[in-house]
Amino acid sequence: MFTRLQEFLPNVVQLGWSGDAGWGMAIWNTVFMTFVPFIFGGALGLILGLLLVLLGPGGVKENLVVCWILDKVTSIFRAIPFIILVAVLASFTYLIMGTILGTRAALVPLTVATFPFFARQVQVVFSELDKGVIEAAQASGATFWDIVLVYLTEGLPDLVRVSTVTLISLVGETAMAGAIGAGGLGNVAISYGYNRFNNDVTWVATLLILCFIFMIQWAGDRISKALSHC
């Protein structure tokens, strides 16, 4: 079987599994650059999206001035293309990470790109919740934090759904992170496949990215459906 692989996928086999340019490291870097920025950017986006609803028109803590500021900050960061964001945040990235190259450096722009994207989706989820549930909680004397818990509980299935969308978006952005030497499957597809005319490397890397995306989508759908039936 190995001989067959060498015959049909010679460049794929040549890259090997281990080493800095191997398939194992490429897969790990893609997973690392997907989930770590989601944890930090997702947490910030969740807070921001919740604040946009709570402080917005008709919110339980209505404050239109603060809401307007948060809304504009979200819109500005959301509008910046990721590859430009990498350049804009270069100094900030160096200040935090001590470098502007590599997988660790990519975590900063990936996190900053995640929070406004996720915040907008969270805002939509919470805005579409049944107002009657919130009003009932207020009428029963619920505290501010009780109401926050109501939002999180009622919106949990949809939060899982938008988290899935965000993770899939992050997988795509990890490929662009290859511009700062971040590695990952996207970088393998371009640097070791497309740029060197090794089509077999490009196709295998693309297939692995698709498998990763399908796994995220499958897991997200299963969790969302399970929570919806709770």
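View 1. The cut-off for buried is under 20%. The number of disulfides in the model is zero. A disulfide is a covalent bond between the sulfur atoms of two cysteines. The model is predicted, not experimental.

View 2. The protein chain holds 12 helices and zero strands. Its pattern along the sequence reads α-α-α-α-α-α-α-α-α-α-α-α. The C-alpha trace spans about 70 × 45 × 25 Å along its principal axes. The chain has 230 residues, and 42% of them count as buried. Take the contacts with a separation of 6 or more: 71% of them join residues 24 or more positions apart.

**View 3. Helix H9, its buried side.** Helix H9 covers residues 144-154. Its buried residues are Ile147, Val148, Val150 and Tyr151. Seen down the helix axis, these buried residues fall within an arc of 155 degrees, so they line one face of H9.

**View 4. Helix H9, the face turned away.** Trp145 and Leu149 sit on the face of H9 that is turned away from its buried side. Both residues, Trp145 and Leu149, are exposed.

**View 5. Trp203 on helix H12.** Trp203 lies in helix H12, which runs over residues 199-228. Its relative accessible area is 65%, so Trp203 is exposed. The cut-off for exposed is over 50%. Leu9 is 194 residues away from Trp203 in sequence. In space, the two residues are 9.9 Å apart, C-alpha to C-alpha.

**View 6. Surface and charge of the chain.** The protein chain exposes about 12800 Å². Carbon and sulfur atoms supply 68% of that area. The chain carries 11 positive and 13 negative charges. The mean position of the positive charges and that of the negative charges are 5 Å apart.

Key: Residues are numbered from 1 along each chain as its sequence is written. This is a predicted model: local features need pLDDT of at least 70, side-chain atom pairs count only at pLDDT 80 or more; totals for chains, interfaces and linings use all residues. Side-chain values use heavy atoms; hydrogens and water are left out. A disulfide is a pair of cysteine sulfur atoms within 2.5 Å. Helices (H or I, at least four residues) and strands (E, at least two) are DSSP runs, numbered from the N terminus. Buried means under 20% relative accessible area, exposed over 50%, partly exposed in between (1.4 Å probe, protein chains only). Contact means heavy atoms within 4.5 Å. Accessible areas come from the Shrake-Rupley method with a 1.4 Å probe; for residues, only the protein chains shown count as cover. Lys and Arg count as positive and Asp and Glu as negative; His and the chain ends are not counted. The place of a charge is taken as NZ of Lys, CZ of Arg, CG of Asp or CD of Glu. The arc is that of the directions from the helix axis to the C-beta atoms.
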